[in-house]
Amino acid sequence: MAEAIKVGIVGARFAARFHWEGYRRVFGVPVEVVGVTAKSAESRQAFARERGVKAFTSFDELCDAVDVMDLCTPGSTHEPLAVRAFQRGKHVLIEKPFTGYYGPGTEDFRGNTFSKEVMLREALASCARILGAADAAGKQLCYAENWVYAPAIAKEREILAKSGGQILWIIGDESHSGSHSPYYGIWKFSGGGSLVGKGCHPLTAALHLKRVEGEARDRKAIRPAAVSARTHEITRLGTFRDSGFLRTTYHDIEDYCQVHITFVDGTVADVFSSELVLGGVHNWLEVFANNHRTRCNLNPLGALETYNPREDILKDVYVTEKIGTKQGWSHPAPDEDWQHGYPHEFQDFMESIAANRPPLSGGALARDTVAVLYSAYLSAERRGAEVGIPQ
Ligand SMILES: NC(=O)c1ccc[n+]([C@@H]2O[C@H](COP(=O)([O-])OP(=O)(O)OC[C@H]3O[C@@H](n4cnc5c(N)ncnc54)[C@H](O)[C@@H]3O)[C@@H](O)[C@H]2O)c1
C-alpha cells in the first residue's frame, strides 16, 4: 500500500472541524492527519486532544512534519502561510476566500471606505504571489471551494458537459443570519463582507460551470469579462429595527450585495449574498441553458420535512446550519457535509496530490474569483458602473 499523505491542519475551529471530518471520509488514498496548529493554544490543544493528534506550537514545526498544509485560518493569513508552505516544498489547501486585500496595517483602516482600485490591484498581486510560489515549488494548490464539489453542482456539471448546452443565465445565492467567527465583519481579517465571505461560493460555482461549458465544447474556458455590483450596510442603517435575530456587530463590511457578471461570450450570471436571511442557510443556484434548466439546492435540500411541536424535543438533534429554531416545520439535513460537497472536495484534493495532477478547484479558478470579487467592490464604489475584469 502507498505511504499515507501526511496532512497538517492550520486553525482549530469551525473550518478545521469539517476539514477533519472530510479527511476521515477519503477512500482509496491513504491519508493521515498528523497534527494541528493555531494561534490560540487553548483551541489547538482541545482540537488535538479530542481527535488524538498532536498539537504543534509553530507553523514551521507542523510544516516539517507533513506533505500538505491545510489552511483553515482567516483570509488575511492565507497568502503569507501559503507562500511559506510552498517555499518549504509542501502542497497547500486554502480555504475561501483565496486571498484579498486586508489593509495597509494602519489603525484607522476601514475597508468600506478604502480605495477599491488599490484593493483590486493588491488582491491580484497577492494571487500572483501565491500562484508563483506554487509553480516554483511544483506542488498542488487546492482551493477549498466546496460548491464546485457539491453533488447538486456536480450533477449539473455532468448535464452540461454531456448535453453540450450553453448557459445563458445563472442566478445563485448564499445567505444566512450572520457568521459565528469573531474575525468576520472586520475587513482587515476577512478581506470584505457578504460578497467575499458568502457570495464567493455561488460566484465560484458559476465561474466553474462556464469554464466547464467552454472546455467541453471548445476546449477553452469561458471566463468572466465584466461586472456591475451594489453593496449595502442594512443592519447599520439608522432606520434598521433590531429584533435580535440577525447578527449586527459588523465593523467595516457590507451585509448585502448583488453582483451581475458578463462573461466573454456575452452570457450572464447574478449572485446575491447577505447576512439578512432568517430560517437557516439559503444556498442555491439555478442554471438557465439553451437546452435545459437546473435548480441546484445545496441547503436546504428538502430531503426531509419534519414537524416538531416543541423546541426541546429536538434539543439533541442537529437540524441545519444557522436554523435559529427547531420548532414547527423544518428540513433537517440528512448529511450536511455531503450536500455541501466536503467529502467530494477532500477526495479530489487527496487524489490530485497522489496523482500529481491539478484538482478540479485550483489556482486559475481561485484567481478568477478574486478578480471578480474585487472588481465588484470597485463597481459598487462607483454605484454599480460596469468594471472590466483584469485578465
Ligand atoms: N467553505 C466553507 O464552507 C467555510 C465555512 C466556514 C469558514 N470557512 C473559511 O475557513 C477559514 C477559517 O474560518 P473559521 O470559521 O474556521 O474561523 P474561526 O475564527 O472559527 O477559526 C480560525 C482559526 O484560525 C486560527 N488562526 C488565526 N490566525 C492564525 C495564524 N496566523 N496562524 C495559525 N492559526 C491562526 C485561530 O486560532 C482559529 O483556530 C476562513 O478563511 C473562512 O472563510 C469556509
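The largest nonpolar core contains 95 residues, where a nonpolar core is a set of buried Ala, Val, Leu, Ile, Met, Phe, Trp, Tyr and Cys residues joined through C-beta atoms within 7 Å. A residue is buried if 20 or more other C-beta atoms, placed from the backbone, lie within 10 Å of its own. The members that touch the most others are Leu-71, Val-92, Ala-206, Val-259, Leu-373, Tyr-374 and Ala-376. Helix 11 (residues 363–381) gives the most to this core, 11 residues; helices (H or I, at least four residues) and strands (E, at least two) are DSSP runs, numbered from the N terminus.

The structure is a predicted model, in which local features need pLDDT of at least 70 and side-chain atom pairs count only at pLDDT 80 or more, while totals for chains, interfaces and linings use all residues. Residues are numbered from 1 along each chain as its sequence is written.

An automatic or database domain assignment supplies the domain bounds: domain 1 covers 5–144 and domain 2 covers 147–340 + 362–388. Their C-alpha centres lie 22 Å apart. Domain 1 brings 30 residues to the contact and domain 2 brings 28 residues, two residues being in contact if their C-beta atoms, placed from the backbone, lie within 7 Å. On the side of domain 1 that touches domain 2, helix 1 (14–24), helix 5 (116–137) and strand 6 (141–144) each supply at least two residues. Helix 5 provides the largest share of that side, nine residues.

Leaving aside neighbours within four places in sequence, Val-92 is in contact with Met-69, Leu-71, Ala-82, Ala-85, Phe-86, Lys-139 and Leu-141.

Key: A residue is buried if 20 or more other C-beta atoms lie within 10 Å of its own, exposed if 12 or fewer, and partly exposed in between; C-beta atoms are placed from the backbone.
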